[in-house]
Amino acid sequence: MHSRLLRHFLAVVDHKGMSAAAAELHISQPALTKSIRQLEDILGVELFERLPTGVVPTRFGEILARRTRLMELEYRHAVAEIQAIKGGTGGTVNVGAGPVWAVRILPPIIAAFRRQQPKVKIKLRTGVIDTLVPALLGGELDVICASLDFPAHPEFVKEQLVDLQHVLIARAEHPLAGRREIAAKYLLDYPWLALVNDYVGNSRVNSFFAANELQPPRIGVETTSISAALNLLREDDFILNIPTMMLPYAELFGLRKLAVRGTLWDAPAGIAYRATKSPTPAVSAFCALVRAQFASARETQRRIADNVQS
């Protein structure tokens with residue numbers, strides 16, 4: 001099976017159409033159609049469903065796309081390892097990050113990594129568990145830094161580095177902001193903000209209300225941007241769920257923690273990466289810096305605790 005056919009196949013998957021894919025590949029549309037038919041003949045299945053608006057992968061096409069991206073990832077790893085053996089430090093590390101990681105944790109780590117390996121490019125993608133984990137499994141990401149509140153999988157390794165506690169925030173002028181203790185039922189009187197596709201986070205919030213024998217809150221706005229969410233909080237009486245590590249950043253927007261009765265939800269957080277016996281040196285170096293950051297933070301907290309006790 002020729003790699004050319006697989007490149008043509010992925011282009012159609014990514015562009016959801018023959019015309020755009022052919023333009024991207026700088027070939028004619030009939031030539032691209034011929035490649036897809038040839039690949040389908042080799043596999044003995046249809047890879048795409050033709051719709052009036054374009055094409056979408058069949059179940060067989062989805063499987064091939066996922067595995068082909070893994071092949072691409074392994075090829076990139078091989079090239080990076082060869083470069084490292086030759087003494088080079090080029091390549092790309094594809095990092096996926098949850099909101100708190102992208103805003104509060106990763107910037108100094110990425111800066112330190114760039115000082116160590118200036119020829120390696122970091123490609124940072126933000127998202128939530130429900131978008132980052134499939135991207136890791138699909139080979140689009142080398143490592144994700146996020147909540148680890150998702151099932152284990154034989155194709156990746158999870159390393160817990162910290163426990164993230166989640167709280168609710170709102171603007172300082174919010175009617176609930178001045179209360180010493182807020183019962184869950186009063187949180188339902190106001191609209192909520194949520195991140196798009198954050199099914200895990202939303203389900204944990206819903207479980208909190210279910211434990212209090214209440215219906216889930218009403219989502220007023222969904223967004224893919226945590227900065228947009230924080231700005232929206234300043235403009236209206238919205239409520240948003242965030243990890244406590246993001247509170248200092250939220251306070252810069254004039255927001256404050258709500259004194260909610262009970263625990264909203266806690267979750268382990270850390271890194272997850274593909275299970276392989278030979279990770280690329282760049283990915284290993286990046287993960288080492290993430291571990292070192294949390295080890296340093298734990299040591300600092302230990303020293304503070306020792307000083308208080310003494």
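The following conversation goes through several descriptions of this predicted model and the cut-offs behind them.

Trainee: How are the residues numbered, and what limits apply to this model?

Mentor: Residues are numbered from 1 along each chain as its sequence is written, and side-chain values use heavy atoms, with hydrogens and water left out. Because the model is predicted, local features need pLDDT of at least 70 and side-chain atom pairs count only at pLDDT 80 or more, while totals for chains, interfaces and linings use all residues.

Trainee: How many helices and strands does the protein have?

Mentor: The secondary structure comes to 10 helices and 11 strands, where helices (H or I, at least four residues) and strands (E, at least two) are DSSP runs, numbered from the N terminus. The C-alpha trace spans about 70 × 50 × 30 Å along its principal axes.

Trainee: Why are α2 and α3 called roughly perpendicular to each other?

Mentor: Helix α2 (residues 18-25) and helix α3 (residues 29-43) pack at an angle of about 105°, with their axes 9 Å apart. Angles of 65 to 115 degrees count as roughly perpendicular, under 35 as roughly parallel, over 145 as roughly antiparallel and the rest as oblique, and α2 and α3 are therefore roughly perpendicular. The axes are lines fitted to C-alpha atoms, for helices over the stretch in contact, and angles run from 0 to 180 degrees between N-to-C directions.

Trainee: Which residues of α2 meet which residues of α3?

Mentor: From α2, M18, S19, A21, A22 and L25 meet Q29, L32, T33 and I36 of α3, contact being defined as heavy atoms within 4.5 Å. By class, this contact has six nonpolar, three polar and no charged residues, where Ala, Val, Leu, Ile, Met, Phe, Trp, Tyr, Cys and Pro count as nonpolar, Asp, Glu, Lys and Arg as charged, and the others, Gly among them, as polar.

Trainee: Is N241 buried or exposed, and how do you know?

Mentor: N241, which has its place in strand β9 (residues 240-243), has a relative accessible area of 16% and is therefore buried. Buried means under 20% relative accessible area, exposed over 50%, and partly exposed in between, with a 1.4 Å probe and protein chains only.

Trainee: What makes the link between the side chains of N241 and H166 a polar contact?

Mentor: The distance is 3.3 Å, and a polar contact is a pair of N or O atoms within 3.5 Å; within protein, one must be able to donate a hydrogen and the other to accept it, and residues adjacent in sequence count only if both atoms are side-chain atoms. Leaving aside neighbours within four places in sequence, the residues in contact with N241 include H166, V205 and W265.

Trainee: Why does V205 count as buried?

Mentor: V205, found in helix α7 (residues 199-211), counts as buried because its relative accessibility is 5%. Not counting residues up to four places away in sequence, V205 touches W192, P217, N241 and W265.

Trainee: How do you know that β5 and β6 pair with β11?

Mentor: Two strands pair if DSSP finds at least two bridges between them. Five bridges join strand β5 (residues 143-147) to β11, running antiparallel, and 10 bridges join strand β6 (residues 156-171) to β11, also antiparallel. In β11, G270 stands opposite A146 and is the bridge partner of Q160.

Trainee: What makes β11 mostly covered?

Mentor: In strand β11 (residues 265-274), eight of its 10 residues are buried.
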